[in-house]
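Student: I'm new to this one. Could you walk me through it?

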Amino acid sequence: MLLKELANLSGVSGNEGAVRDFIISKISPYADDITVDTIGNVIALKKGNESKKIMLSAHMDEVGFIISEITDKGYLKFQTVGGIDTRTILAKRLLIGENKTLGVIGMKAVHLQKQSEREEIPEIKDLFIDIGAKDKESAEKLVKLGDYAVFETEFEMLGENAVMAKALDDRAGCAILAELIKNPVKYDTYFCFTAQEEVGLRGARLAASRICPDIALVVEATSCSDVYGFEPHESVTKFNGGAAVTFMDRTTIVDNDLRKKLYDMAKRANITVQYKCSTSGGNDAGRVHLTANGIKTASISVPCRYIHSAASVASISDINAVYELSKLFLEKIDEVL
């Protein structure tokens with residue numbers, strides 16, 4: 001799979017160009033047609049029998065930051081793009097703009113804080129990015145207002161069966177779709193690499209409206225909180241527990257029949273599978289299933305620890321399980337239509 005290369009690319013919501021270009025370069029030999037729409041979605045068609053249309057979706061964008069002010073002393077003020085917990089970003093290294101200027105997120109030193117400040121979660125307004133500039137003029141030579149910033153994290157193996165990287169949400173899904181498109185399909189199948197999922201599921205809405213598929217599958221990454229300090233019932237998904245099938249989240253209630261068929265299909269094929277045992281979060285399915293007269297839509301996700309942070313961790317076994325179940329979905333498509 002292309003997960004390492006994809007995870008290392010910068011692609012904050014609204015700035016997915018590098019990810020989009022890379023994906024197009026890799027999937028072109030396997031697609032019959034590739035379209036890039038006005039919001040930046042990549043829609044790759046692999047032709048089959050035209051009587052049915054199948055849609056697979058994974059989003060290209062990642063959470064990050066956008067520069068909103070340069071102070072007189074050369075510090076950068078910023079806004080978050082997507083859902084980020086400020087407790088996870090202090091002292092994190094960033095790459096800013098097209099020149100990949102190195103910076104670090106800073107705040108008032110702990111020994112200079114009041115007791116009340118130490119007990120509060122820092123707000124974005126209290127943070128800044130330090131790029132080593134001596135003043136505003138020198139900072140402006142390196143960075144512009146509106147530049148995007150992304151975590152500087154390189155893909156690495158962690159132990160024998162895990163990977164650590166930024167943007168596993170949802171470059172894992174993109175890597176899986178880029179692998180799936182190599183396989184033959186029965187019906188016209190649209191492999192959609194969507195934009196701006198992290199800021200409102202925007203790309204998926206346009207892609208689904210364009211295609212109007214008979215059925216859709218969203219391939220995602222989701223929370224995995226089976227770590228120290230959590231009770232088993234709080235885990236959402238389990239690491240090495242396999243592909244996570246969603247039954248409900250904040251944006252979608254998955255069709256019961258489709259969800260059960262996916263889960264049973266995995267069990268019969270000895271693919272490791274689990275349910276996502278939380279109704280929090282949301283993904284592209286939230287927009288896809290409401291398109292036109294309604295589209296039957298399901299979600300399969302890779303469990304991911306420390307999601308939306310500088311260093312997420314996922315199991316290689318779980319990634320492979322999501323690929324195998326997605327592949328089986330396409331092979332057995334008549335069973336779920």
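Student: Let's start with two helices: at what angle do the axes of α7 and α9 cross?

Tutor: First, this is a predicted model, where local features need pLDDT of at least 70, side-chain atom pairs count only at pLDDT 80 or more, and totals for chains, interfaces and linings use all residues. Residues are numbered from 1 along each chain as its sequence is written, and side-chain values use heavy atoms, with hydrogens and water left out. Helix α9 covers residues 316-331, and its axis comes within 10 Å of that of α7. Axes are lines fitted to C-alpha atoms, for helices over the stretch in contact, with angles from 0 to 180 degrees between N-to-C directions; here the crossing angle is roughly 110 degrees.

Student: Are α7 and α9 roughly parallel or roughly perpendicular to each other?

Tutor: Angles under 35 degrees count as roughly parallel, over 145 as roughly antiparallel, 65 to 115 as roughly perpendicular and the rest as oblique. The axes cross at roughly 110 degrees. So α7 and α9 are roughly perpendicular.

Student: Where does M248 lie, and is M248 buried or partly exposed?

Tutor: M248 sits in the loop between β14 (243-245) and α7 (256-268). Buried means under 20% relative accessible area, exposed over 50%, and partly exposed in between (1.4 Å probe, protein chains only). M248 has 33% relative accessibility, so it counts as partly exposed.

Student: And F78, buried or exposed?

Tutor: F78 belongs to strand β5, residues 76-81. Its relative accessibility is 2%, so F78 counts as buried.

Student: How many salt bridges does a search of the whole structure find?

Tutor: A salt bridge is a side-chain nitrogen of Lys or Arg within 4 Å of a carboxyl oxygen of Asp or Glu. E62, K166 and R171 are linked in a network of them. Searching the whole structure gives 11.

Student: How many residues apart are E152 and R93?

Tutor: Their side chains meet in a salt bridge at 2.5 Å, N to O. The pair links distant parts of the chain, with E152 in the loop between β9 (148-151) and β10 (156-158) and R93 in strand β6 (residues 93-96). They are 59 residues apart.

Student: Which residue does K186 meet in a salt bridge?

Tutor: The N to O distance in this bridge is 2.2 Å. K186 is in the loop between α5 (168-180) and β12 (187-194), and its partner is in helix α10 (residues 333-336), 148 residues apart. That partner is D334.

Definitions and conventions:
Helix = DSSP H or I, 4+ residues; strand = E, 2+ residues; numbered from the N terminus.
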